[in-house]
Amino acid sequence: MRLLSIVALAVLATAPPARAAVNVMTATEDLADLTRQVGGDRAKVESIARGYQDPHFVEAKPSFILKLAKADLLVVVGRELEIGWLPSLIQQSRNAKVQVGADGYLDASLTAKILEIPTGQLTRAMGDVHPLGNPHYWLDPGNGRRIAKAIADKLSQMAPADAAYFASRYADFDKRLAEAEKRWDATMAPYKGLKVVTYHRSWPNFVDRFGLDVIGYVEPRPGIPPSPGHTIDLIGEMKRQNVKILIVEPYFDLKTPQSIGRETGAKVVVLPPSVGGEKEITDYISLFDYDLNLLVAAIKETGAK
Amino acid sequence: MRRCFRSVSAFVLASSGLVAVPPLAVGADEVVQASPPPSAAADDLSQLKRDLETLRQDYADRVAAIESRIAALEGHATEAAAPAPTAAPSAAAGSKVFNPDMAAIGNFVGAAGKSPGGGEPSLNMQEAELSFQAVVDPYARADFFVTLGPEEVALEEGYITFPTLPGGFLTKVGKMRDAFGKVNGQHPHTLPFVDRPLVSKNLTGGEDGLADAGISVARLIPNPWLFLEATGQAYQGSSAIFTAPTRGDLAYVGHLRAYQDLGESTNIDLGGSIAYGHNGVTDDTTTRLLGVDATLRWKPLRRSIYTHFLARGEVTWSRAGQADGAQNAVGGYGYLEYQFGRRWTSGLRYDNSQRAEAPWLRDTGGSFILTFKPSEFSLVRAQYRRTSFADTDSPANELLFQFLFAIGAHGAHPF
């Protein structure tokens, strides 16, 4: 026992006092902020995608190769969200640390609650479906917590000397998120079961968490632009069910949503699904603050029930 | 996972029931045994009743405690413990999960109008490309592209890539398309036009380019200003341009690429290429190619799926050794592309190229291209092409059209 404590002391004494920050690249700004929340000043974080761009269609620019080449850790959304652009960047990074399956590759979806995992026969007649489930899962604060935990664990594994620091940062984030969740639940409590329409299937985790009911999509199929026939059907359905809220991601064209809005009296609400989607959305918690405020204002304005 | 927790809780309930039942049975036995003696005093009986009551209460409490613990466990399960990732239900069992990503791409090309220089067939299934791509082991990945054309089946590319060799040398070994310029390395289905530019046909090997068996090494050149990548390739010397007379006469391709963001929407991509090898005219004749390419891209991130603009130019110089001396030829193309709708892209191309072995013949042409993409996996394209061939009197006016369709694995988006 005494020997053990001597060894422990010796280890502590020889540990270098100043440590280099872990260099983290993330696929999206949401993951970047969650990494900052738990990584603090011991993690240098940058995102490839911007919060206001469609995360399915990020360009594989060579400038990202340079950044990935220097990364210790790459955090990805997974569920094939980045399938069109990330694999070639990873390969060309020539960085063994961040190759798929390496220690520096973290798929944030692995510990998250994933919805819409397709069952049965799957074909592209259904549009650009994600065979491994809906990748927009970060829009549930419960998943934000799980992602933050996974990142904190990964950072601790990569920089064991800072494990206590990451754990305390996570505990602090967990506490702030729990407080915010109480606030959000109170805000949304009066609108349980409210029917909405969204442009793309970006919101299943969000509506699941806050008790909204999506009755239709502007896209006839995921990734397929609106068609006149589908739009007419959707307008009819929205009128029948008295839907007054139409949620659109900021990177989609507003022409069709606005004409649907005019026909049905629904309010078109541009909701950023990611951190950085608007200037005010500087972190994960303010993302929900911003979106829920906008949503509630729209609900009050239209008198939607 | 939730189902799993249910079955666990069912098990806990069943086992707690098993534990709880025997003592109760014992209690009942005691009652049975206690009742017969007539001499039993009234207070004995009431004592027994009280014992039984406390026993009953005790067990009721215990069951309640167990139940609340189960409820807490289940609640906890849905709240904090993340549902474990559910494997895709369709995922094939066992070793089949290691099957490579497979895709088939059909490329159907039609042509109409007069072309004195020959030109494409009226209706042609130009190629079906099959691709097989997977990780080999922790050190490498492999890519195979097999093309099935109207007349031939060929290995378009088949190579192993070592992405993480020490020193940052991205190394490929196998048969592959060359790194000369921009258009030469592209598969026909990733080109933004139906045909290849005249300069490709006249100077750099046409459809197959310099595709050959060889070794390619590419390394980033660290510098504080921009993305700089140097690629060096050594080939067997068996392609449309190069023919090696002996084993020692390899063909070489070198490429230097510089890339710089000019903001989040705009970027510039510059390249310089060289190629050298024996051309097979005589044992000593060689061909040298020198090329420059420049691309300017604009794509606003907020509207990236609706619009983009691209301007590209490539110029190639060729010095082809002939029996009676070398011939110098030059050619190039300029291309403008504008996406004006989520599914619509238009393009303009200007072609001008001498012929490698007969530089006194200069072909020129112009094309207007319109592309409609119903989805990421198919496209329909029309191209009006007017070509003035140096050896014919009247220009060729042609309409080309193309159907491209892909099934299988989701490929990388072009950049």
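This is a predicted model: local features need pLDDT of at least 70, side-chain atom pairs count only at pLDDT 80 or more; totals for chains, interfaces and linings use all residues.
Strand 3 of chain A, residues 73–76, pairs with strand 4 of chain A in the parallel sense, and three bridges connect the two. The sheet as a whole is open and contains four strands in the order 2-1-3-4, with parallel pairing. Strand 2 (43–47) and strand 4 (105–107) of chain A lie at the edges; each has a single partner strand, so one side of each has no neighbour in the sheet. On average, neighbouring strands of this sheet are turned by 20 degrees against each other, direction ignored. Helix 2 of chain A, residues 29–39, packs on the sheet and touches strand 1 (22–26), strand 2 and strand 3 of chain A. The direction of helix 2 makes about 170 degrees with that of strand 2 of chain A.

The domain assignment gives domain 1 as residues 10–182 and domain 2 as residues 186–302. Their centres, taken over C-alpha atoms, are separated by 26 Å. Across the boundary, 30 residues of domain 1 of chain A are in contact with 26 residues of domain 2 of chain A. On the domain 1 side, helix 2, helix 5 (141–158) and helix 6 (163–188) of chain A each supply at least two residues. By residue type, the domain 1 side that touches domain 2 divides into 10 nonpolar, 10 polar and 10 charged residues.

Turning to the partner chain, 43 residues of chain A are in contact with 33 residues of chain B. Helix 3 (62–69) and helix 4 (86–93) of chain A each supply at least two residues of the chain A side. Of the contributors to this side, helix 3 of chain A gives the most, with five residues. The chain A side comprises 22 nonpolar, 11 polar and 10 charged residues. Within helix 4 of chain A, the buried residues are A:Leu86, A:Leu89, A:Ile90, A:Gln92 and A:Ser93. These buried residues pack against helix 3 and strand 3 of chain A, together with strand 5 (170–176) of chain B. Just after helix 4, A:Arg94 takes a positive phi of about 60 degrees.

Chain B has three helices and 16 strands. Of its 415 residues, 27% count as buried. Among contacts in chain B between residues at least 6 apart in sequence, 54% join residues at least 24 apart. One stretch of strand pairing illustrates the arrangement in some detail. Strand 7 (residues 227–235) and strand 8 (residues 251–261) of chain B run antiparallel and are joined by nine bridges. Strand 8 of chain B in turn runs antiparallel to strand 9 (residues 266–278) of chain B, with 10 bridges between them. B:Val253 of strand 8 connects the two pairings: B:Val253 is the bridge partner of B:Gln233, and B:Val253 also stands opposite B:Ala275 in strand 9 of chain B. The hairpin of strand 8 and strand 9 of chain B has four residues between the strands, and there B:Gly263 takes a positive phi near 120 degrees.

How values were computed
Residues are numbered from 1 along each chain as its sequence is written. Chains are lettered from A and ligands numbered from 1 in the order in which they are written. Two strands pair if DSSP finds at least two bridges between them. Two residues are in contact if their C-beta atoms, placed from the backbone, lie within 7 Å. Ala, Val, Leu, Ile, Met, Phe, Trp, Tyr, Cys and Pro count as nonpolar, Asp, Glu, Lys and Arg as charged, and the others, Gly among them, as polar. Axes are lines fitted to C-alpha atoms, for helices over the stretch in contact, and angles run from 0 to 180 degrees between N-to-C directions. A residue is buried if 20 or more other C-beta atoms lie within 10 Å of its own, exposed if 12 or fewer, and partly exposed in between; C-beta atoms are placed from the backbone. Domain bounds come from an automatic or database domain assignment.
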